[in-house]
Amino acid sequence: MLRSMLRASLILVVLVATHVRVARAQPSPPPEPPPAAAPGGPVSLNIQGRVIDTLGHAVAGATISVEGTSLVAITDADGRYQLAGVPLGASLVVDAAGYTTGLGTVSGAAVTDIVLLTEQQASEVIDVHGDLPPASPGAAKLERTEMTRIPGTGGDLVRTLSIMPGVVAPSGPALGRNGIVIRGSAPQDSKLLIDGFEVPLLYHTIGQRAIVPTEAIDKLDYLPGGFGVEYGYAASGVVALTTRAGDDRRSEQGEVSVIDGGLIAQGGAGARVRYMVAFRRSLIDLLLPYVLPSSLDLSLTSVPRYYDEQGRVDVKLSPAWSLAISTIGSDDLLELYFDKAENPDKRLYSRTRFLRLTTSARWHDGPWSATLATSGLAQEIDFELGTLQRGLMDTLAWTTRGELTRSLDELAGLTGVVWRAGSEFVLGHQHLTLALPQLPREGQPMGMFDPKDTSTRFDGAVWTPDVAQWTALTANLAPGIRATMGVRIDEFTRGGDVAVQPRGELTWQLDDRLKLRLSAGAYRRPPENRDEPLHAALEPERSTQTIAGLEYEPVAGVRMQTSAYYTDRSHLITRDGRGVLGNDGRGTTYGTEVLGTLRRGPWFVWLAGTLSHSTRVDFPGAGRRLFDYDQPININAAMSWKRGKWQLGGRFELYSGMPTTPVLGAVFDTNANRYDPIYGETNSERLPLHHQLDVRVDRSWTWGSMLMTGFLDIQNVYLNDTVTNYTYSYDYAKRLAFTGLPIIPSIGLRGVL
Amino acid sequence: MRRRGLLAAVIGFVTTVVAAGCVPDSDPRWQLDHDRVVAARATPPHLPAGATATIDALIAHAGAPTTIEPPVRVMTSPSTPAALAMTVAESGAGWQVTAPGADVLDAVRASEKLAADQPIPLVLIETFGPIPLVVSHTIFLGDTVSNPVVGTVLVGGVPRAPDTHVVIPTDADVTLSVDADPAAAVNWLTSCGTMHDDDEHAAFVHVKPTDDQAGELAVVVRAADGGVGWQRWTIEAQ
């Protein structure tokens with residue numbers, strides 16, 4: 001019944017979801033006189049007009065074309081243009097470098113000013129890239145404007161990540177996953193960073209909405225592996241978000257949808273200060289109680305409610321010094337009762353909130369540069385189920401990091417030398433109050449839920465002081481060959497572990513179009529996941545990554561890259577037959593990724609493919625089994641075409657279903673009144689193959705002085721009923737399949753003043 | 001900060017809970033119209049040294065009334081201490097469990113690191129037929145405890161004696177309550193209508209006009225110490 005409710009509500013939400021966004025820039029363009037009266041009948045006019053930006057400044061060099069004709073004009077230094085023989089009522093399409101396409105309508109000889117938005121103002125998505133060139137083999141680059149052209153992502157960070165090669169597509173209900181699965185690793189093996197420091201979650205608890213709106217993001221670095229010595233505490237990949245510094249010009253904008261609503265303001269204060277503040281609140285919790293059927297045996301207290309906030313101030317202190325202060329926070333609340341009488345025994349409560357404040361100073365003087373940053377985190381996770389089960393975790397953490405860089409034209413026969421050295425100190429304090437069932441490890445099925453099981457109990461505090469140092473040297477070894485060698489040393493003080501992690505990368509420009517990249521390194525993840533902090537004797541999990549990649553650009557606008565990787569994992573934390581945690585596990589992951597992009601004229605094509613295989617051995621002598629997130633095949637193909645006011649696109653995705661452990665039968669425990677399942681071989685079955693086609697149409701027009709954009713985005717157009725998970729009846733006699741949503745049409749509307 | 005792991009675990013846990021809530025559409029646990037063991041009972045559930053217990057179970061059947069049956073086979077679980085392996089035997093009176101002498105029990109307590117006055121759990125694997133239904137059943141050796149007495153049961157506010165015929169109104173919420181130890185686990189089951197709050201001391205049943213208008217009602221009370229008791233009625237909606 002609850003499943004039906006969730007499905008119905010989600011479908012309802014996406015069906016009626018209409019996004020309305022209004023942006024206002026200051027100062028506004030001056031009002032224009034009304035256009036001259038048009039003569040009657042189908043006539044041609046000699047028209048003139050002006051193209052300006054949102055501040056009223058002229059846009060020179062813009063191309064004005066008359067739709068349906070070959071008429072074209074270019075604006076002069078004052079942004080003015082003239083055209084002869086233009087049909088009355090014709091549409092004008094304006095293109096200019098650095099701006100989005102503008103539109104106008106010929107209603108008389110004097111055409112109303114056409115206002116262009118900068119790409120930054122207009123974009124509702126983010127720039128996603130790994131560096132230019134990518135920082136490691138396999139990293140990907142996707143421009144901000146291209147993001148609007150990929151159907152099915154909706155411009156949201158979370159769905160954007162899912163098209164990257166190497167990212168395991170989510171399977172299962174949207175609820176229940178946080179983090180990102182990269183190259184056959186567990187979510188906790190990869191880091192999520194915002195402004196250089198880790199955050200506890202990437203998206204809100206329900207709905208897969210990123211905790212940072214796209215308007216507040218400057219860039220996103222996706223490093224699937226082989227990352228440098230400056231990153232630690234991760235054994236797989238890194239996803240690093242950087243918040244936006246704010247424009248020089250003041251602007252405010254608001255956006256509201258059925259899901260949430262928010263405000264963002266940015267601008268400058270004097271010549272040296274820029275700011276950006278943003279705030280967002282969910283609205284679905286206000287609407288859901290009105291759309292749920294009254295027959296549901298459910299009481300919704302808050303389903304779900306979330307806030308998030310971002311703020312950033314950048315100050316140019318001097319030619320050598322700059323300062324950035326940023327904050328990010330979110331608050332997710334979910335509370336419901338599994339009956340209308342609101343029986344405390346049937347209450348589910350979950351609240352996750354955090355606030356991070358970061359200060360970063362940068363110094364640059366000739367060949368020297370340095371960064372000093374400090375960041376504080378306050379976090380609370382509170383979970384209650386019924387009157388017996390509870391998990392409360394209060395965390396306070398403080399991190400200080402410094403890095404020094406020296407550039408040299410030549411050193412000991414090497415050219416283009418860059419030397420870096422850094423240090424980081426993390427002091428964390430965590431107070432835990434736990435009364436929960438034993439939390440299953442990777443590879444262990446959750447089993448039947450028992451509301452009275454509180455076998456994992458703890459009430460106390462854990463301190464985790466960690467120290468890290470790193471250094472790296474980059475230089476040209478020969479013409480076309482550039483290498484980086486470095487080492488990172490982590491001291492995980494609580495467990496007394498010192499980890500020396502050498503890492504290196506080699507780039508070889510084979511010819512003008514072909515580049516070879518090799519990368520290898522050692523990585524560690526400290527034992528701080530789930531209930532690992534309660535076991536001081538645990539050691540960090542280890543991985544050794546080896547990656548080789550090729551990048552090929554046969555012609556301008558066409559780029560292909562491929563990489564092959566092998567990751568060896570050891571000291572994986574597993575639970576033995578007695579329930580004791582130890583570092584007895586091993587694992588391997590290998591695979592290959594291909595990414596091809598085409599950007600030519602009105603066409604944009606994205607083709608990403610991944611083949612991988614990831615296995616684990618839980619303890620010496622045990623058999624090798626598939627990893628929980630093993631996904632051998634993952635293909636994403638997207639294509640879009642843009643012309644004038646229209647944009648059409650489609651995306652096809654295909655990926656393997658996740659492994660699953662079958663239930664062979666069950667034994668009834670009469671004392672506990674519970675069926676205990678008898679499991680088959682771990683992960684010996686797999687969910688069915690998933691495939692889906694999404695299409696999207698965008699159309700722009702002007703409405704008064706407002707530039708409107710409407711879109712229709714349809715996901716899963718041919719109604720593929722993807723199985724995302726299996727669940728069982730209380731006695732395990734019947735297996736039921738969770739299926740994904742059927743067709744999901746979404747209509748959006750955006751207006752920009 | 002690197003502690004999103006517990007968050008992920010909690011979220012995963014919530015998912016499981018919600019998922020569990022999604023399943024009853026197909027096979028509610030209060031439904032008596034299935035082939036299953038509702039509860040197995042040892043009488044007594046705790047045996048002092050040298051005492052003997054008999055075993056039976058309340059069994060539900062698809063399309064037929066419940067029955068109370070002895071097991072067709074009982075054995076100790078593989079993890080049972082060797083000294084207790086011979087406690088189970090079949091005789092003319094059916095399968096029985098006989099606690100060994102006090103000296104054997106003391107030796108087992110010592111080997112299992114149990115306190116001197118602590119009862120020794122003995123896990124039995126019981127099979128009920130003719131459709132083989134397998135049950136894991138823990139009884140205790142070395143002390144004395146009786147099965148709980150199921151107190152007064154009210155159906156629609158009226159006391160109902162067990163094994164009687166009860167008539168309830170159609171298309172109405174009919175309250176059910178049982179006088180039992182608050183610490184005991186209660187389960188209401190029916191093959192007529194829909195049961196609500198089936199794991200509460202106070203529940204209610206609702207029979208729609210489209211449901212079967214006759215069937216059975218049962219309540220099972222499980223004490224925290226392993227004892228079990230039940231009552232059942234035939235039920236008819238009018």
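Predicted model: local features only at pLDDT ≥ 70, side-chain atom pairs only at ≥ 80, totals over all residues.
**Entry 1: a hairpin in chain A**

I started at a turn: strand 3 and strand 4 of chain A make a hairpin, with five residues lying between them.

Strand 3 of chain A and strand 4 of chain A pair in the antiparallel sense, over three bridges. I picked out one bridge, and it links Ser65(A) to Val72(A) in strand 4 of chain A.

**Entry 2: the sheet around the hairpin**

Which strands make up the open sheet, and in what order? I traced four strands of chain A, in the order 4-3-6-7, with antiparallel pairing. Strand 4 (72-74) and strand 7 (102-105) of chain A are at the edges; each has a single partner strand, so one side of each has no neighbour in the sheet. From one strand to the next, the twist averages 25 degrees.

I then followed the remaining pairings across the sheet. Strand 3 of chain A runs antiparallel to strand 6 of chain A, and four bridges join them. Here Thr63(A) has Asp95(A), in strand 6 of chain A, as its bridge partner. Strand 6 (residues 91-95) of chain A also pairs with strand 7 of chain A, again in the antiparallel sense and over four bridges. For that pairing I noted Val94(A), whose bridge partner in strand 7 of chain A is Gly102(A).

Strand 3 (residues 63-66) of chain A has Ile64(A) and Val66(A) on a covered face, while Thr63(A) and Ser65(A) are on an uncovered one.

**Entry 3: the domains of chain A**

I looked up the domain assignment for chain A: domain 1 is 2-21 + 124-752, and domain 2 is 30-112. Their contact takes seven residues from domain 1 of chain A and eight residues from domain 2 of chain A. On the domain 1 side of that contact, strand 39 (residues 690-703) of chain A gives the most, with three residues. I sorted this side by class and got two nonpolar, three polar and two charged residues.

**Entry 4: the domains of chain B**

For chain B, the assignment gives domain 1 (36-141) and domain 2 (147-237). Their C-alpha centres lie 27 Å apart. I find 13 residues from domain 1 of chain B and 10 residues from domain 2 of chain B in the contact.

Which strand gives the most to the side of domain 1 of chain B that touches domain 2 of chain B? It is strand 1 of chain B, with four residues. Strand 1 (36-43), strand 4 (64-69) and strand 9 (133-141) of chain B each supply at least two residues of that side. By class, this side of domain 1 of chain B has eight nonpolar, four polar and one charged residues.

**Entry 5: a stop at Val723(A)**

Last, I visited Val723(A), which is found in strand 41 (residues 723-728) of chain A. I counted 18 other C-beta atoms within 10 Å, so Val723(A) is partly exposed; 20 or more would have made a residue buried. Leaving out residues up to four places away in sequence, Val723(A) touches Gly657(A), Leu687(A), Pro688(A), Ala737(A), Phe738(A) and Thr739(A). I also checked Pro659(A), 64 residues apart from Val723(A) along the chain: their C-alpha atoms are separated by 12 Å.

Conventions:
Residues numbered from 1 in each chain as written. Chains lettered and ligands numbered in written order. Pairing = 2+ DSSP bridges. Axes fitted to C-alpha atoms, helices over the stretch in contact; angles between N-to-C directions. Buried ≥ 20, exposed ≤ 12 C-beta atoms within 10 Å, placed from the backbone. Domains from an automatic or database assignment. Contact = placed C-beta atoms within 7 Å. Nonpolar A, V, L, I, M, F, W, Y, C, P; charged D, E, K, R; others polar.
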